[in-house]
Amino acid sequence: MENFPWLTVLMVVPLIGAIVVALLPSGSSGRPWRPVALGVSLVALLISIGAALQFTSGSADQFQLVEKHQWIPQFGVSYALGVDGIALSLIVMSAILVPVCLLAMWDEFPGGGGREKNYFALTLLLEAFIVGVFAATDVFLFYVFFEAMLIPVYFLIGWFGGEGRQKAALKFLLFSLAGGLVMLAAVIGVYFQGPQGGEGFLVENLTGLSMGQNTERLLFLGFFIAFAVKAPMWPVHTWLPDAAAASRPATATLLVGVLDKVGTFGMIRFCLQLFPNASQWATPVVIVLAIISIVYGAVLAIGQDDLMRLIAYTSISHFGFIVLGIFVMTSTAGAGASLYMVNHGFGTAALFLIAGMLIARRGSTKISDYGGWQKIAPGLAGVFLLSGLAGLALPGLGSFVSEFLVIVGSFQHSKWAGAFAVTGMVLAATYIMWLYKRMMTGPTPELATPVRDITIREKVVVAPLIAAFLVLGFFPKPVLDVINPAVQQTLQIVGVSDPQPTHPTAATTGSNNR
Amino acid sequence: MTPVYTLAAAQVVTEVQPTVDASGAASWAWLLVALPLLGAAIILLGGRSANRWGPTLANVMSWGAFGLGAAILIEMLGRAGDERAQSLHLWQWFTGGSFEVNAGMLVDQLSISFVMLVTFVGSLIHVYSLGYMEHDPDKGRFFGYLNLFIAAMLTLVLADSYVLLFLGWEGVGLASYLLIGFWYQRSDYASAANKAFIVNRVGDMALAIGIAMMFVTFGSADYSTVHGGAAGAPEWALTAIGLLLLGAACGKSAQFPLQSWLGDAMAGPTPVSALIHAATMVTAGVYLIVRSNAIFDLAPTARLVVTIVGAITLLLGAFIGMAKDDIKKALAASTMSQIGYMMLAAGLGPVGYVFAIFHLLTHGFFKAGMFLGAGSVMHAMNDQVNMRRFGRLSGVLKHTWWTFGLGWLAIIGFPGLSGWWSKDKIIEAAFVGEGWQPWVFGLVTMLGAGLTAFYMSRLFFMTFHGSGKRWTEDVHPHESPLVMTVPMMILAVGSLALGAILTAVKFPEWLAPVTNGGHLEHHEPVLAIPAIQILTFVLMAAGVFVAWRLYWKADVPVVAPEGSALTQAARTDFYQDDVNEAVFVGPLMTTATGLVEADDQIVDGGARNLGDGVAGLSRVLRRAQTGFVRSYALTMLAGVVAVLGALWVMN
């Protein structure tokens, strides 16, 4: 299996699946697109696990599972794929989330029919692009996937969303395109700084370039702005709550939990790696923006009365943590930020999907329309609370390790950064606990129709997410083992090293030498 | 009367007790956590049927942990002095860069003392709850949470690093939240649960930064590295770490200024108040300080602040306890005040650490016993808590009365009972030192003894004695079943004798290797010890006498008199909620509402104007084209072609 094109296959399988699903006749009885799409996504999951097993942590090469073919040599564009530990974790996370999301959408379209079919097909198409965007090691190829992803998401929001979907989809597209346009200029610009030629867009050929200070800074900004919009960071975040609120829960999951990671992933892969000096130049400003995002997103979440918007704002706060962890440039915070991307995917998925289950029952996204639901739906209340606790980074659940590493690593860089970031802990407790209180506690609600507690299918949707919380909370080693070397390689390229303990004892000096 | 104890002397005492790899019973210490955790998981996943078998399972798991803890203790007692502290490596938890965190346990004299307290008192309260919660439709869930608490609390005390301690620390916070809000259908109870969780998180924030500070300073956050390296670190760093740990302790242990949640936490079922909010969880802050003695020994400023916080809370709690008519809230205030004693003792350093823990243990017994007694009273009185509606219950609730009575004598420090052994030691230690400090702290603790005697006697007389029965008409008090009274009796035996027993077995000396480098030195207080004892006794007697005059001899009005300004202030917990509301909650909510508006109007407004412009343009385009989507797809395609063209031309 040495030369098996894992990543290409991982892309092609959902792509073919999408086409097959789309070609099924809409009138088919038994809605065959659902099992077909789910089956395809499960096959993709198996392939991603296979790929992960091929990956050896601690390799000297930055990228593994590499594939490289000429594509448009005249323009220096290659079809080049490969993953480091961060990209691999994100791909596996996405491969887990897609079948979960499909299963969550199982009964969302009561009549079935062509609409449902298209939704399932578009989700598979999106999965193919997601793999591509994380696996691309050619800057131009990355850009192509980066923009191509917008198409299925645009339709997933615009065709299938709730109230205000058209406007939200347009807003999403405009923000993304605006960011993408700036990036395109930078993509072309960086090509001309490099060796050019037939493989001029390969990341490896664009790493370690020497360029003029201003050029580097401008190119950095071109990438960074696109990624900041995508992530999203304050103050270019406003498209996210609208898009999430207008989306189906599963769309919101893939949008916020996976797609937005392209922003933070891009910061590591492209901003830090291609423009190390400019990244260090921008660090103070980015740290301030990240801290504003943490606090701002959390405070806005506290003030929301719309369940979906609230979850979206918590994500803005969490993305603040991730960006902070990336830009303080310590290996501890970097590992935390990378792990946070994975944890946040599962955490957001759980919150959005359970919110979807509640909304399907109550028919409202307004938090004030709930109250006392623990009595009528104790199972849903339980998993909702557990997901919320993961969101507020309770130790033992996934996000804790990552958030804690970011806080500690940021503190290592600057005591102020750590001290401001840590306020997110209290704010997160406030928005989650207050949300839970408003929705789940209080007297038994009087509803016209009785509410069903969590169904078997819903349990199957939630179970893998909760398993992920617990595994990543208590035994994140398998993920950290692949993330740590990737972070260290990136920081080596940037040319920063960790501050040493001010007063190491014999024990810690020993472990550093090991 | 020269004090032997000086700061220089303290700096000698920073040797950390060496550990050996766990063997024998201690190598099974992980089961202490695993048993109750498993119980919690099974019960909480068990759904409705857990109401049937959950209570029994929870009891089995809790007593199982106690049995194992006892075995570890007995084995430890048989070990040589230098082999008592054992470390148990479990697994590598996480590594980020050079920050490596291993999950492991430290089984030493201090942690096993806590294990015994938590599992024994905890198991008794599991039994008591069988009776107390018998008719609750959700009792399965209740017992699941109780087991979860035991697991988290044992993690907290057995952890061998600050990060794993943090897991237990927030775990007990979660259990506390779940149990305070157990009767979630009452919104005010749910609010009380939220308040406890969020205020605790403020303290946890300090702990997180404290751990970050340890990592920056020492490169690790496990006890052996941090404590072993403390001597090599500058004092300002140790002071900072010490103050951050104190911040955490203030949240968990309801110390000033983070005390506001404890009174509201009485919304939880009374067994919870006894276990979590009196005997065990709230004392975790004291554990944290004493566990970190290697840091505090070298950070006298931080220690002084700990002592001051303890002194303030001691008095604050006592005054609040004097004003409350709600039996549970009065007991909660008393808990605050007693933990203030422990905190103060811990802040005194080597002279106080062991007595802080000593008092913590005796307090765990007598306060849990009294809370269970209060639960028994509530059981008898239709869940009423207003002591002005009690009176003369000693006749009907015989067992409750005498068990509570022993708790009362213990807490007021009646000679010979548990509290006397432990509290008098703290008072004596507070009188040790130089300059103004021994006088201030000594007199505060002594005054506190008088106040304690007054408010606890007030509580006891109002409930069980007095000139008449002030019961509402609908109550028909009856003694609780044996399943509830037997745990109360056992705890009452502890109230009576634990202090004497622990003194007889030389508990302070046994604990000293953890806290004092192995040797307890005798320090001479600034006031002669007999004088301290006599004065304390006189103050205590005076407190009891005044309470007897006011609440036994005289009629207690059913409606509380207006009272002095101090009483009024104390009734509202010294306006703590108003202050928090005005300074933190109100502004946060105003900001949140304001920002929701601003985010829409200002931040998004700019983008929207841009968007509207483009939308207008697209409206024009739509007439020519077929719709939004395709026009954008086309634009993109055109863009890509243009770029590729440009590249081709340039090449």
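Predicted model: local features only at pLDDT ≥ 70, side-chain atom pairs only at ≥ 80, totals over all residues.
## Extent of the interface

The size of an interface is often expressed as the accessible area lost when the parts come together. Between chain A and chain B, about 6900 Å² is buried, and carbon and sulfur atoms give 74% of this area. Phe75(A), Phe404(A) and His503(A) supply 9% of the area that chain A buries against chain B, more than any other three residues. In terms of residues, 90 from chain A and 71 from chain B take part in the contact.

## Composition and polar contacts

No salt bridges are counted between chain A and chain B. Polar contacts are present across this interface, with 20 residue pairs found in which both residues have pLDDT 80 or more.

On the side of chain A that touches chain B, helix α20 (residues 423-440) of chain A gives the most, with eleven residues. The residues of that side of chain A comprise 55 nonpolar, 26 polar and nine charged.

Helix α7 (residues 187-218) of chain B contains Asn194(B). The relative accessibility of Asn194(B) is 6%, below the 20% limit, and the residue therefore counts as buried.

Which residues are in contact with Asn194(B), leaving aside its neighbours within four places in sequence? They are Met433(A), Trp434(A) and Lys437(A) from chain A, together with Tyr177(B) from chain B.

## Aromatic pairs

A pair of aromatic rings is described by the distance of the centres and the angle of the planes. Over all chains, the structure holds 65 aromatic pairs. One of them joins Tyr191(A) and Phe192(A): the ring centres are 5.2 Å apart and the planes stand at 85°, so the pair is edge-to-face. Tyr191(A) has 0% relative accessibility and counts as buried, whereas Phe192(A), with a relative accessible area of 26%, is partly exposed.

In chain B, the rings of Phe507(B) and Trp510(B) have centres 6.2 Å apart and planes at 40°. Phe507(B) and Trp510(B) are both buried.

## Aromatic cluster in chain A

One aromatic cluster is formed by Trp106(A), Phe109(A), Tyr119(A), Phe120(A), Tyr154(A), Phe155(A), Trp159(A) and Phe160(A).

Notes
Residues numbered from 1 in each chain as written. Chains lettered and ligands numbered in written order. Heavy atoms only, no water. Contact = heavy atoms within 4.5 Å. Buried area = accessible area lost by both parts, 1.4 Å probe. Salt bridge = Lys/Arg side-chain N within 4 Å of Asp/Glu carboxyl O. Polar contact = N/O pair within 3.5 Å; in protein donor to acceptor, adjacent residues only side chain to side chain. Helix = DSSP H or I, 4+ residues; strand = E, 2+ residues; numbered from the N terminus. Nonpolar A, V, L, I, M, F, W, Y, C, P; charged D, E, K, R; others polar. Buried < 20%, exposed > 50% of the residue type's maximum accessible area, 1.4 Å probe, protein only. Phe/Tyr/Trp six-rings, centres within 6.5 Å; stacked < 30°, edge-to-face > 60°.
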